[in-house]
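Hello,

Please find the structure below. My notes on what was found in it follow.

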Amino acid sequence: MKILKHVLAAVAAALALGGAAQAQPVGGEKEIKFALDFIPLGRHAPWYVALHKGYFKEEKLNVSILPTKGTADAVRYVESGLAEMGFIDIPSLVAGGAAGASVRIVAGVYQKAPYCVFSLDPGANVVSPKGMVGLEVGSSNASFMPRIFAAFMKMNKLDPSTLKIVNIDAAARVPMLVSKKVPAIDQFLMGEPSIRRAAGNTGTPKCLLLADHGLDIYANSIGVKEDFLKSNPEAVKGFVRAAMRGWKDALANPEEAARIQTQYLKALDPAIVVEELQILKRIALTPDVVQNGFGTMSRDKLRRTVDFISQNIEIAGGAPNPDRLFVDGFLPATPIKP
């Protein structure tokens with residue numbers, strides 16, 4: 001509980017300062033507001049590394065990092081113009097249909113889907129897809145993960161109508177789990193360190209990672225408002241290049257990344273930041289990234305991602321064309337490799 005209070009205090013401090021972390025602007029720089037997919041946590045340290053080390057400044061960009069309440073929020077920020085760019089979860093973008101019609105993807109970051117059904121042992125102890133049948137899961141209206149869970153169950157020939165979603169505010173989800181008021185919650189894999197600490201002797205957190213059970217799709221990537229992309233291609237290229245340098249540095253030296261991020265968000269626990277970054281390597285570092293560099297994407301896998309969502313979820317306005325969703329040519333000419 002104490003850890004969650006610290007996180008919320010950090011976010012409140014960021015919101016009091018205008019909701020964003022940013023460097024001081026310099027004349028002639030292009031302003032870019034970048035929306036995270038959630039409140040800032042250890043998994044977001046790479047963006048702060050790029051900011052702190054001046055990588056964005058080198059590209060003549062003045063970047064502000066904005067917190068949001070979830071993946072749907074991040075899509076809304078970019079689509080509405082509240083942010084020019086965002087950390088966009090592709091399945092959520094596809095599931096949102098017309099709600100994200102003008103968002104384009106320029107670089108992949110989470111090469112594996114980080115979606116987990118977290119439960120406790122002793123407790124629901126969900127360790128296989130079958131354990132989701134009849135399960136009550138704490139989630140929120142700002143999250144698309146319940147829809148991903150339903151599609152995943154259909155893929156595994158399980159009845160998604162048996163899954164019971166309980167609307168719980170993001171900050172209350174972990175307390176509700178560890179107090180056993182709900183048997184399971186939706187969280188990204190990187191949330192395990194915080195859940196483990198909050199659980200204490202109550203039980204051992206168990207993550208049913210969907211990617212370990214056949215869900216081979218992309219997740220969070222760099223998304224851009226289409227009109228901004230067309231009018232500012234060099235700024236977008238510069239952002240991607242700077243960001244990928246931040247990812248390289250943060251995953252190579254999590255301790256340094258934790259020191260940097262906690263300068264912006266002092267209430268975050270550096271030890272948890274380090275643990276989240278270590279876990280993040282499972283999601284962000286794949287053989288494809290090692291060979292071709294950060295941000296790399298396969299059109300075939302993107303099509304599979306879009307098909308998985310469109311075949312399992314009713315999409316308002318129809319699914320986007322995967323060939324239009326990803327816009328090539330914005331990755332660094334010299335790949336930035338781990």
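The torsion about the S-S bond of Cys-116 and Cys-207 is about -60 degrees, so this disulfide is left-handed. It joins Cys-116 to Cys-207 with an S to S distance of 1.9 Å; a disulfide here is a pair of cysteine sulfur atoms within 2.5 Å. By that rule the count comes to one disulfide. The pair links distant parts of the chain, with Cys-116 in strand β6 (residues 115-121) and Cys-207 in strand β10 (residues 204-209), 91 residues apart.

This is a predicted model, in which local features need pLDDT of at least 70, side-chain atom pairs count only at pLDDT 80 or more, and totals for chains, interfaces and linings use all residues. Residues are numbered from 1 along each chain as its sequence is written, and side-chain values use heavy atoms, with hydrogens and water left out.

The two cysteines can also be described by accessibility. Cys-116 is buried, at a relative accessible area of 0%, while Cys-207 is partly exposed, at 27%. Buried means under 20% relative accessible area, exposed over 50%, and partly exposed in between (1.4 Å probe, protein chains only).

Next, the helix pairs. Helices (H or I, at least four residues) and strands (E, at least two) are DSSP runs, numbered from the N terminus. Axes are lines fitted to C-alpha atoms, for helices over the stretch in contact, and angles run from 0 to 180 degrees between N-to-C directions.

Helix α7 (residues 170-178) and helix α8 (residues 192-199) have axes that come within 9 Å and cross at roughly 45 degrees. The two are therefore oblique to each other (under 35 degrees is roughly parallel, over 145 roughly antiparallel, 65 to 115 roughly perpendicular, the rest oblique). Their crossing is right-handed, meaning that the near helix is turned clockwise from the far one by less than a right angle. Val-174, Leu-177 and Val-178 of α7 meet Ile-195, Ala-198 and Ala-199 of α8, where contact means heavy atoms within 4.5 Å. By class, this contact has six nonpolar, no polar and no charged residues (Ala, Val, Leu, Ile, Met, Phe, Trp, Tyr, Cys and Pro are nonpolar, Asp, Glu, Lys and Arg charged, and the others, Gly among them, polar).

For helix α11 (residues 254-264) and helix α12 (residues 270-284), the axes come within 8 Å and cross at roughly 130 degrees. That makes α11 oblique to α12. The crossing is right-handed. Residues in the contact include Pro-254 and Gln-261 of α11 and Leu-277 and Lys-281 of α12. The contact has seven nonpolar, three polar and two charged residues.

Regards
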